[in-house]
Amino acid sequence: MFGDSRDLSSHMRTHTGERPYKCDVCGKAFRHHGNFSKHKRIHTGQKTYQCDVCGKGFTLLCNLSTHYRIHTGQRPYKCSICGKTFTKTSDLSRHNIIHTGEKPYKCDICANQQQGDLRLLGPPSGQNAGRGAQTCDRRVPADLRMDLLATVPLMPLFL
């Protein structure tokens, strides 16, 4: 039961897939106005939350909370296999791949597969599909490689 008709409407969007709040800048759509409002800060550069230790600003409170771990040394996510600890769950997930032998990153040009995205210039397929092609610099002639670099969005490399 919902105490307010707006709460019911908002809940129903999880079933219908409706996303009525659309960003004019990038086109991303949201089910809830609150999430849409937070998203808009990415484009405006508004940094509502500031670290009281170093002064770095953040658009989202959750990013500030994660950032504080740099200052406190807190590393709450621990690998159950080797015991290595991490500040973020995403870092632990990326780390876990070394234990499974899985190679989820595949180059769209040469079919080379990697455990990590060390040589890949784009994100993996699946949940991040549509954010650019995955390519590497292996077995591709230098002149073609430069053409590819001009068309593939560069993503952060994790070493």
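A: One term to begin with: buried means under 20% relative accessible area, exposed means over 50%, and partly exposed is in between (1.4 Å probe, protein chains only). This is a predicted model, where local features need pLDDT of at least 70, side-chain atom pairs count only at pLDDT 80 or more, and totals for chains, interfaces and linings use all residues. Residues are numbered from 1 along each chain as its sequence is written, and side-chain values use heavy atoms, leaving out hydrogens and water.

Q: Okay, is Phe-36 buried or exposed?
A: Phe-36 is buried, with a relative accessible area of 12%.

Q: And how many aromatic pairs are there?
A: Two. Rings of Phe, Tyr and Trp (its six-membered ring) pair if their centres lie within 6.5 Å; planes under 30 degrees apart are stacked, over 60 edge-to-face, and the rest tilted. The rings of Tyr-21 and Phe-36 are 6.3 Å apart at their centres with planes at 20 degrees, so that pair is stacked.

Q: Where do Tyr-21 and Phe-36 sit?
A: Tyr-21 is in strand S1 (residues 21-22) and Phe-36 in helix H2 (residues 33-44), so the pair ties together parts 15 residues apart in sequence. Helices (H or I, at least four residues) and strands (E, at least two) are DSSP runs, numbered from the N terminus. Tyr-21 is partly exposed, at 25% relative accessible area.

Q: What does Phe-30 pair with?
A: Phe-30 pairs with Phe-36, and the pair is tilted: 6.0 Å between centres and 40 degrees between planes. Phe-30 is buried too, with a relative accessible area of 10%. Tyr-21, Phe-30 and Phe-36 form one aromatic cluster.

Q: New topic: which helix holds Arg-41?
A: Arg-41 is in helix H2. Arg-41 is buried yet has no salt bridge, and the nearest side chain of opposite charge, Asp-24, is 16 Å away. A salt bridge needs a side-chain nitrogen of Lys or Arg within 4 Å of a carboxyl oxygen of Asp or Glu. For charge, Lys and Arg count as positive and Asp and Glu as negative, while His and the chain ends are not counted.

Q: Then what is Arg-41 in contact with?
A: Leaving aside neighbours within four places in sequence, Arg-41 is in contact (heavy atoms within 4.5 Å) with Gln-46, Thr-48, Tyr-49, Thr-59 and Leu-60.
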